[in-house]
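Before reading on, please take a moment to turn the model around on your screen and to follow the chain from one end to the other.

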Amino acid sequence: MKIFCIGRNYIDHAKELNNPVPSSPLIFMKPPTALLKDPQVFYTPAFSEEVHYEIEVVLKMTKNGKSIQPAFALDYIEAVTVGIDFTARDLQSKLKTKGHPWEIAKAFDGSALVGSWKEFEKGENIDFRLEKNGEIAQKGNTSNLIFNFAHLICYVSKYFTIQKGDLIYTGTPAGVGPVTIGDDLAGYIKNDQLFNCQIK
Ligand code: MG
């Protein structure tokens with residue numbers, strides 16, 4: 001099982017971190033050990049002073065595929081939810097400065113929170129949000145994606161065989177920020193709460 005993540009896929013988020021808007025999807029991966037086994041608790045790692053939340057719509061793949069064509073791409077989506085791409089921003093900033101890979105900042109244990117799965121409906125724009133301590137911290141709609149779901153699936157499968165059960169984190173909108181011990185994070189698609197997580 002692979003976890004693909006897309007960076008800078010909403011213009012407003014690329015701008016808030018002073019990053020250029022990409023001309024093709026920016027892909028990185030997390031290992032299966034990054035999956036947060038109990039999504040109700042996230043333990044802040046000792047190696048970072050600044051872990052950020054990034055709410056993202058997450059897709060689960062339903063079958064294997066390679067070099068998938070656009071007309072068939074959405075048939076590969078089994079289900080959809082929201083998750084958090086936890087990011088050790090302090091480490092990532094240092095690595096970016098040096099031009100080094102991001103893995104220790106992005107792919108550490110527990111860095112991929114995933115919510116409860118919902119049925120995927122083709123053609124529907126997904127309204128989603130993150131609430132921190134009961135207040136809206138981030139909100140987005142997939143109509144604002146720079147690269148839409150079909151584009152992402154085609155692009156990822158050009159380089160990597162997609163396998164049943166793989167996940168794609170489709171990018172975060174603006175509003176990312178640090179977590180603090182004691183925070184309560186809740187992720188929603190429309191009015192369905194799909195996860196609730198305590199930061200410890
Ligand atoms: Mg992200």
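Which residues have the most contacts inside the largest nonpolar core? In this predicted model, they are L59, F86, I153, L185 and F195, and the core that holds them has 46 residues. Helix α4, which covers residues 149-159, supplies the largest share of this core, namely 6 residues.

**A helix in the interior**

Of its 11 residues, 8 are buried, so the helix is largely enclosed by the rest of the structure. The buried residues of α4 are F149, A150, L152, I153, C154, Y155, V156 and S157, and what covers them includes the strands β1 (3-7), β2 (26-30), β5 (55-61), β6 (77-85) and β12 (167-169). I153 shows this in detail: leaving out residues up to four places away in sequence, I153 touches L59, M61, I68, A73, I77, I162 and I168.

Q92 is found in helix α2, which runs over residues 89-98, and Q92 is buried, with a relative accessible area of 4%. If residues up to four places away in sequence are not counted, Q92 touches T87, W102, A105 and K106.

**An open sheet of 5 strands**

In what order do the strands of the open sheet lie? The order is β3-β15-β14-β10-β11, and the pairing is mixed. The strands β3 (41-42) and β11 (135-141) stand at the edges and have a single partner strand each, so one side of each is left without a neighbour in the sheet.

| Strand pair | Sense and bridges | Example of partners |
|---|---|---|
| β14 (residues 184-189) and β15 (residues 192-199) | antiparallel, 6 bridges | Y188 and Q193 |
| β10 and β14 | antiparallel, 5 bridges | F128 and I189 |

The strands β10 and β11 form a hairpin with 2 residues between them, and N133, which lies in the turn, has a positive phi of about 50 degrees.

D184 lies in strand β14 and is partly exposed, with a relative accessible area of 22%. Leaving aside neighbours within four places in sequence, D184 is in contact with E131, K132, N133, N196, C197 and Q198. This list includes N133, the residue in the turn of the hairpin. The C-alpha atoms of D184 and E135 are separated by 10.0 Å, and the two residues are 49 residues apart along the chain.

**The magnesium site**

Which residues coordinate the magnesium ion? The ion is coordinated by E54 (OE), E56 (OE) and D85 (OD), at 2.0 to 2.1 Å. Along the chain, these donors follow the spacing E-x1-E-x28-D. Both E54 and E56 are buried.

**The chain as a whole**

The protein chain contains 4 helices and 15 strands. For 200 residues, a compact globule would have a radius of gyration near 16 Å, and the protein chain has 16 Å, which agrees. Taken along the principal axes, the C-alpha atoms fill a box of roughly 45 × 40 × 30 Å.

How much of the protein chain is buried? Buried residues make up 53% of the 200 residues. The accessible surface of the protein chain comes to about 9300 Å², and 51% of this belongs to carbon and sulfur atoms. Among the contacts in the protein chain with a separation of 6 or more, residues 24 or more positions apart account for 77%.

Terms used: Residues are numbered from 1 along each chain as its sequence is written. This is a predicted model: local features need pLDDT of at least 70, side-chain atom pairs count only at pLDDT 80 or more; totals for chains, interfaces and linings use all residues. Side-chain values use heavy atoms; hydrogens and water are left out. Donors are N, O and S atoms within 2.8 Å of the metal (3.2 Å for Na, K and Ca); water is not among the atoms, so sites may look incomplete. Buried means under 20% relative accessible area, exposed over 50%, partly exposed in between (1.4 Å probe, protein chains only). A nonpolar core is a set of buried Ala, Val, Leu, Ile, Met, Phe, Trp, Tyr and Cys residues joined through side-chain atoms within 4.5 Å. Contact means heavy atoms within 4.5 Å. Two strands pair if DSSP finds at least two bridges between them. The radius of gyration is taken over C-alpha atoms; the globule rule is 2.2 Å times the number of residues to the power 0.38. Accessible areas come from the Shrake-Rupley method with a 1.4 Å probe; for residues, only the protein chains shown count as cover.
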